Amino acid sequence: MLAENNELFDWVATLFPICRSITGDGLRQTLTFFKEKLPDMKLKEVPSGTKAFDWEVPNEWNISDAFIKDEKGNRIVDFHESNLHVVGYSTAIDKVMTYRELEPYLYSLEEQPDAIPYITSYYKERWGFCLTDSLKKQLANYPNKKYHVKIDSTLKPGFLSYGELIIPGETDEEILLSSYVCHPSMANNELSGPCVLAKLAQWISLLPERKYTYRVIFIPETIGSIVYLSKHFKEMKHRTTAGFVFTCIGDEKEFNYIPSRDGNTLADRALLHVLNNHANNLKIKTFFDRGSDERQFCSPGIDLPVCSFTRSKYADYPEYHTSLDNLDFISSDGLNQSLEIYKKVITLLEANNIYKVDVLCEPQLGKRGLYPNLSTKGVKKELSSRMNFLAYCDGKSDLIDIANKINVDAFSLMEFIDELIRHQLIKIRDENK
Amino acid sequence: MLAENNELFDWVATLFPICRSITGDGLRQTLTFFKEKLPDMKLKEVPSGTKAFDWEVPNEWNISDAFIKDEKGNRIVDFHESNLHVVGYSTAIDKVMTYRELEPYLYSLEEQPDAIPYITSYYKERWGFCLTDSLKKQLANYPNKKYHVKIDSTLKPGFLSYGELIIPGETDEEILLSSYVCHPSMANNELSGPCVLAKLAQWISLLPERKYTYRVIFIPETIGSIVYLSKHFKEMKHRTTAGFVFTCIGDEKEFNYIPSRDGNTLADRALLHVLNNHANNLKIKTFFDRGSDERQFCSPGIDLPVCSFTRSKYADYPEYHTSLDNLDFISSDGLNQSLEIYKKVITLLEANNIYKVDVLCEPQLGKRGLYPNLSTKGVKKELSSRMNFLAYCDGKSDLIDIANKINVDAFSLMEFIDELIRHQLIKIRDENK
Amino acid sequence: MLAENNELFDWVATLFPICRSITGDGLRQTLTFFKEKLPDMKLKEVPSGTKAFDWEVPNEWNISDAFIKDEKGNRIVDFHESNLHVVGYSTAIDKVMTYRELEPYLYSLEEQPDAIPYITSYYKERWGFCLTDSLKKQLANYPNKKYHVKIDSTLKPGFLSYGELIIPGETDEEILLSSYVCHPSMANNELSGPCVLAKLAQWISLLPERKYTYRVIFIPETIGSIVYLSKHFKEMKHRTTAGFVFTCIGDEKEFNYIPSRDGNTLADRALLHVLNNHANNLKIKTFFDRGSDERQFCSPGIDLPVCSFTRSKYADYPEYHTSLDNLDFISSDGLNQSLEIYKKVITLLEANNIYKVDVLCEPQLGKRGLYPNLSTKGVKKELSSRMNFLAYCDGKSDLIDIANKINVDAFSLMEFIDELIRHQLIKIRDENK
């Protein structure tokens, strides 16, 4: 499985150099890459100026070059070296300026002198350069030195692009899987998210049976989810049983669980159960620690059951939103571990049902080989878990509830459940709500 | 503001010497003082013998003099030196007695040898003197010494007096503000209570607008609240949204919050929010620590939403119900701090509404200057509080709820709320319940 | 009371030698003993093969002798020395075998080399001997030695026997009291249970009045409760207000409370209140620690409000299910203490009502001698408990609730309640649910 082990990392590495933004050709190129992996995915375009709730699709931004050249013609800041050097959505400029004149357009991080910060200005026209603070300090020594400053960008009516894949299941109850594709060259936030999601979607497509329909979307963050919701909210509101935002899942540090606004939806219960049983070093965050598209999915009136987990969490790790969030920051193992967690979440959601014992009193497991028929002093934990499971098959609790109550991993019960169903000792309640 | 700073203390000092009880001229004199401060207040009288639920208004008690004179004619215990020397509601006596005969009528505190205790016997006819235990021990040395013992009091049909001020508001939903005026010369318990309440009522009267109507009452404790409820319970039951009992708010020691019986009424939520954000050294007590008229306001079947806070709490501080609870025990600062707390509680109640975001998804605050339009790494706490506030404007939570959930002082949100309303991004839900 | 003090222990000692099982003459003999104590009890018999939910009454087992004799004819394992020596429900055998051949039929406990384990095989035909591990190790030294192995038992269609006593009360709401009588010579588990129950039933029969009807059953464990429920479930479901399983209540070690599946039934609340106030060293267990007939009574669909307490709890003490659970393990004091706890539980259930104050505001207790009429500084805990009790007589809380809320033993309120009822200050709400 070494091939698969590196596949996710290779995807990230392939996409890393592209200059993405919330619109533009970098975004299109990234979506095209994922369409190659998921041929049924549809690429969609929404024109600039389209209203979406309180927002409006902005003009499309494209950029081909940008630099700050010194008097000798050396590119001391070069877009082709790092696309983070340009403030996202910068308008075009082509001018000779002294450092003193240029300084208000420069962004750096005093506390991280070797990092290029990631800065954007989608909704106010601006231009600017991002650079390391150590370079900025050098330039500041010669305030009257002159520089050729150029940004070769366009900002004009165009489109906002996104990808949408519906993987049908037996019912039209849906699982929403969402990631974003609008960040330039950064690895954990964001390329880990859409790459793991694409790989997971491939795996879901191959499942022999699916109770749920899966709605998989690759969107620009914030404006993308707002635009998407403005088009699909009505159907999503009725169908969405659980949803997850894929972001910051590429490294190997602690796990962070970020609950939905409600905090106790099926999505929360499934994800938290899997994390509690399969993630080392789990931190339980609050909804106040949210920061991605769950901001929209969980907003009042929308209220979709959407939560997420991360490894190093946006806003919390020093490399976040800088050039230090690069390919060294993540790993094949980190990506693959996150994929495994999400596979387990999907497996658990598919297996999760409300069970009801179909006999009164305890069934006689012994005669079916499901319990020893010689009584002795001690009872093994696995056997007492069986009796405890049955004690809560009351037609009210689902598998996740029961596993939590009896303090076992839900996966450890699945085989026993199959046996119980085979012997007609339990049945599944119709509504899975 | 120095003038105001001492005003409350001066009021207490003026009222301190009066010999109040649950009926009588001392009570009338005190109510007249407050009527001068609150000209719209009505003074009311209820005749002795009037039934009130399980109780009956007792006879009116008045006293002009009382003493224990030794054989040389020296007043060794003198009502004019401290009105605490006489057991409240003592019947008249005029008799020469040996110490041995007198002793059963003497009350002192062994553990506080220099304090005169405060004792009453409203519902059983008795007479008695209260004195310091050190004096009592001296007298006990000469059991056969004779004394002239006199109490010049009357106990006969008359009236129970109280004051009632209704400050009208836009709605007839009411805030009940209650204090008691039946204790003789003691400062923290009780004069701090009615004086702060009178000052607060002046301030409320001058508010430019009031959502609520305010019912302000100055009553004798227990019998006064029972009599008042027996007359006004029906209207109070429908109208009372929140209520507070003003007592023991004159010194500068710890704050104590005493919940209502329900524990989670609007009164509790508003008071506790203000105390949590503005009171140092707050102790959360239970309903079992109650001790004033909330005993009646919260009794089963009455169940008004009434709670209170104190500084040094009745029954808990050694000086309580003794001559040591004097003007030295309280301070201008203590009184003014309590007034400020109650002003904040009223302000919060008036500002408290259930808000609902009036757009789907997050509103675009940036275009209205309410959020930065340049994205950077860190977000200031104030800005994330704004987004958190909006996330809970769900039409279910009121301002207090939201501020508690997102862990900020409600007062820090008020300006932002005004902006949101101005921009029609949130609206107030009709019912404020 | 010395007579009574030893009576329970004497009952256990009398019953100890009998070889009981889930059917058979030992069971009948034990039930006959209890019928002598409780003449109104009915003895019932259910034929082998009777279906009961997922189970079936097995054949009846009887045994007269069993041994392993060495070549010299010495009984080295002798049923008449301890009936634990034979695996319960062993089929007959009469054979000469080498130790090597015999070994698969021998059961011992390596960690408890001097204990004979208690083993049964009710639902699979087997035979076997239980012996101390030290004896087994000795025998193992001579694998080729020959032994005469004999079990003189019968296993054939017959009956399952149980006892049922209905003690009528004013209503047909029932308290279920259940214990089991299927274990051979062991003292704490099980003879303590049925003996304490029989004694309690005698005491209940003599109560001057009973609000509840009592259903007292002596059954074989598991199959007995399943058979009993299959016959009586419908009426029990409607009538059972609370129930308790009597087991492991003979020694003097810690108390263990084992909640019902629901965890907050009237049975739980009454038992826990009594234990919290009257049991030293109480351990709160969970429903997962259950192990006796509450497994059936609390199973989904049955859901009777049944819980229990134990001293040394089944499965938790080393002597459990071995020959070491003998008469030395229990004591007269242990048995009598458990009886007292259950008497208190019954007393509390009979006294438990929902009370409602019948006046508005606090009643004037002083004029009825129920509160001092001289006001002083400190109020005794007993008096403040009285006011707290009244504050919760709100027509919603029952005695147990209120006592828990105000943190007193319910028994300390009973006299005061009688006074309040006499003075018509409180009344009992009709429904006791």
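Rings of Phe, Tyr and Trp (its six-membered ring) pair if their centres lie within 6.5 Å; planes under 30 degrees apart are stacked, over 60 edge-to-face, and the rest tilted. On that rule there are 60 aromatic pairs over all chains.

Before you click: this is a predicted model, where local features need pLDDT of at least 70 and side-chain atom pairs count only at pLDDT 80 or more, while totals for chains, interfaces and linings use all residues. Residues are numbered from 1 along each chain as its sequence is written, chains are lettered from A in the order in which they are written, and side-chain values use heavy atoms, without hydrogens and water.

**Stop one: chain B.** Select B:Phe244 and B:Tyr342, an edge-to-face pair with 5.9 Å centre to centre and 65 degrees between the planes. B:Phe244 sits in strand β13 and B:Tyr342 in helix α9 of chain B, so the pair ties together parts 98 residues apart in sequence; helices (H or I, at least four residues) and strands (E, at least two) are DSSP runs, numbered from the N terminus. B:Phe244 is buried at 0% relative accessibility, where buried means under 20% relative accessible area, exposed over 50% and partly exposed in between (1.4 Å probe, protein chains only).

**Stop two: chain C.** Now pick C:Phe309 and C:Tyr342, a tilted pair with ring centres 4.8 Å apart and planes at 40 degrees. C:Phe309 belongs to strand β16 and C:Tyr342 to helix α9 of chain C, 33 residues apart. C:Phe309 is buried, at 0% relative accessible area.

**Stop three: chain A.** Finish with A:Trp55, A:Trp61, A:Tyr89, A:Tyr122 and A:Tyr123, which ring pairs link into a cluster.
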